There are 2 protein chains.
Amino acid sequence: MTRIEMLAVGKELLIGRTLNTNANWVGARLAKLGSMLKEVTTVDDDLGEISAAFKGALERSPEFLVVVGGLGPTPDDMTLKGLAQGIGVRLVLSEAALELILEHYSARGMEGVELTPARRKIAMLPAGAEPLPNDVGTAPGVRLVLGPTVVYSLPGVPAEMRSIFTKSAEPEIRRVLGKLYRSYEKMKVEGVPESSLAPVISEELKRHPGAYIKSHPRGAREGVSSIELDVAVVGPDRESAAREGDQIAEAMARKVENLGGVVKSGRRPHQAGE
Amino acid sequence: MTRIEMLAVGKELLIGRTLNTNANWVGARLAKLGSMLKEVTTVDDDLGEISAAFKGALERSPEFLVVVGGLGPTPDDMTLKGLAQGIGVRLVLSEAALELILEHYSARGMEGVELTPARRKIAMLPAGAEPLPNDVGTAPGVRLVLGPTVVYSLPGVPAEMRSIFTKSAEPEIRRVLGKLYRSYEKMKVEGVPESSLAPVISEELKRHPGAYIKSHPRGAREGVSSIELDVAVVGPDRESAAREGDQIAEAMARKVENLGGVVKSGRRPHQAGE
């Protein structure tokens, strides 16, 4: 399986100020393509922390590493410096990045804006990196190839991250993933405690070793336990993924009923990546 | 500074199904005590991934490592096995854990419930660990001391995680942190681009090296840029933290006005841990 990781940078994620919705969004996006994030590391705005976490992620040789946050002009935006430090290269002024920044300002009627040190800072990329256009904000994204790993460094502002990810990262990731299809069914099981459902899931996983079957306990209402059950299958074509997903869902429903439980809500229509 | 890390386990966090609200909650809770999470690692329900991430976290010698998720009875709940594998110990049946589990059932009128393998599984702890009572759900939390690090392994269900964290982990963390107070002010700056605010923040951080001053761009409305500015200070007593926070906020407001901007919303009343 293609390994894709995220490195999220920002104190706001560590002090409970901001939920890491970026990790969620990228994870969901990759799941639609039949893949997922395999690991997410979140670190503080701190050079040592960023460079150590970056080195750590590269040692796991992911095919893709999506770094998010810390590309802005303020002093605590130090992601690119941290990445450069982690791989022992310098930050160099990228003419291509500078051009993208000046285009950004002139498109907003700020032609000839002063190139202050703060604005110049966001054009300083690790040696060997290329800038990625940002249609939403000022700071360009950054693409960097390091051995087996393609690194994308994207701004933390969600609209900017999503725009650059969709336009620049996703097409390349899709090419590597090839064509995979995913079926996803969500069931609601009532009246069976999770500890009784566990052996049933084990059985079904033995029959379908590549499948994802996971129970999420949702507490009990009036003494009746409620569990959400996810069933996901990835396959080489839409039909085989859907067929295997259906088989599992039907077998699970039958077994839940044998345990005296009820499968409450129906299944979702299939979601599939393309 | 006391280093506190989190290791979150669960595929649902990596495929965009579930937001990591647990990391957010623990981060906010620690921030109130004048500390923070220094790193959060999120990994898949996979033995190799869990044990590698656990070893990696221990190598950074945090004082506390809060592991969340994967304590339930289902086959993909494998956190304790992963931790045990990471440190080279066995899982052993904990009589104390078994007692907590049986108490849980009998308190719910299920006296003499059958000890199925799935129920027995949640009483298997890494050798040397002690169980922590769970007032909300079935699976006990786990406490484990490894060299300089106290490890808490807590269930992923938010209500259970919060309950065990508050009752068992927080008192111990508080003792180590000692008494620290935090002032926090949130300002809204309009009419100054972030790249112009950056040097002002740098100046103020030079004057107050321990402070946290961070800008969060919130886009522009009708051509006027809007930025949220956080100012946080930690001090040995409530008054000195508040005083330093006030000084910074006032200096920032004055400088924003000199740049032609406006500080829109007032400041929040101080939050302080105790």
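## Salt bridges

A salt bridge is counted where a side-chain nitrogen of Lys or Arg lies within 4 Å of a carboxyl oxygen of Asp or Glu. One such pair joins the side chains of A:D76 and B:K214, with an N to O distance of 3.8 Å. Across the interface of chain A and chain B there are 14 salt bridges, and the count over all chains comes to 42.

Within chain A, the side chains of A:R60 and A:E5 form a salt bridge at 2.7 Å, N to O. This pair links distant parts of the chain, 55 residues apart: A:R60 is in the loop between α2 (47-59) and β3 (64-68), and A:E5 is in strand β1 (residues 4-9). Helices (H or I, at least four residues) and strands (E, at least two) are DSSP runs, numbered from the N terminus.

## Basis of the model

This is a predicted model, in which local features need pLDDT of at least 70 and side-chain atom pairs count only at pLDDT 80 or more, whereas totals for chains, interfaces and linings use all residues. Residues are numbered from 1 along each chain as its sequence is written, chains are lettered from A and ligands numbered from 1 in the order in which they are written, and side-chain values use heavy atoms, with hydrogens and water left out.

## Interface of chains A and B

The contact (heavy atoms within 4.5 Å) takes 56 residues from chain A and 57 residues from chain B. The two chains bury about 4400 Å² between them, 53% of it on carbon and sulfur atoms; buried area is the accessible area (1.4 Å probe) that two parts lose on being put together, summed over both.
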